[in-house]
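Biologist: Could you take me through this protein, and set each term against its definition as we go?

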Amino acid sequence: MVPFELASLFLSKTQLDKLFILKQLESGMTTFSSLEMKLKISKRKIKEIVLSLIKEMNVIRSDQRNELSVDREIIQFKLKLKDNEYVELINDFRVKYLLESSLYRVLLFVLEKRTFSIVIMANDLSYSESYTYKLFGKLKQFFKHMNYGIQLKKENAFFQIGWKRVYHKNSPLFSRICCF
């Protein structure tokens with residue numbers, strides 16, 4: 001599975017756009033026009049995303065080095081960031097977005113409970129049943145693409161998580177065993 005496809009399972013479109021904008025700022029600056037072409041969204045939407053990003057940056061890090069400056073067409077950091085500061089900033093946003101993710105909460109729930117029903121999951125996570133079904137579908141898609149042999153078996157109204165023991169040469173588990 002391509003990293004973007006994996007990220008899109010966990011993150012919202014806006015969160016992905018914010019991370020993309022931060023990636024474009026690695027060189028120090030970017031323009032609304034280039035973001036408009038690359039993201040295929042309007043300048044107004046980009047401005048909303050950037051303003052939201054600025055607010056989040058103030059919450060995550062109150063350091064002035066991380067402040068963004070928006071001047072007509074140009075978005076840039078007020079002060080030049082060192083490489084390690086930039087990497088820390090990007091990683092802080094990645095961790096924040098992952099921990100906020102509904103799919104991440106469902107994944108933790110499933111791995112902790114191991115046997116559950118959709119109703120119990122919806123109640124424990126405070127989601128509607130229909131939204132829980134949607135997340136459950138994404139979770140099955142995630143397990144399928146990760147190819148670790150993790151299965152969700154349905155017995156009556158309950159699901160149970162299990163692992164297939166597959167040891168073929170293309171299996172990730174096999175490659176890990178061979179590395180030791």
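Modeller: Buried residues make up 36% of the 180 residues in the protein, where buried means under 20% relative accessible area, exposed over 50% and partly exposed in between, with a 1.4 Å probe and protein chains only. This is a predicted model, in which local features need pLDDT of at least 70 and side-chain atom pairs count only at pLDDT 80 or more, while totals for chains, interfaces and linings use all residues. Residues are numbered from 1 along each chain as its sequence is written, and side-chain values use heavy atoms, with hydrogens and water left out.

Biologist: What makes the span of helix α6 close to the expected one?

Modeller: Helix α6, residues 102-113, has 12 residues and reaches 16 Å from its first C-alpha to its last.

Biologist: Why are the buried residues of α6 said to be on the same side?

Modeller: The buried residues of α6 are Ser102, Leu103, Val106, Leu107, Phe109 and Val110. They cover an arc of only 160° around the axis, which puts them on the same side of α6; the arc is that of the directions from the helix axis to the C-beta atoms.

Biologist: What does Val110 touch, not counting residues up to four places away in sequence?

Modeller: Val110 touches Phe116, Met121, Leu139, Leu152 and Ile161, where contact means heavy atoms within 4.5 Å.

Biologist: And what is found just after α6?

Modeller: There Arg114 takes a positive phi of about 70°.

Methods: Helices (H or I, at least four residues) and strands (E, at least two) are DSSP runs, numbered from the N terminus. The expected span of a helix is 1.5 Å times one less than its number of residues.
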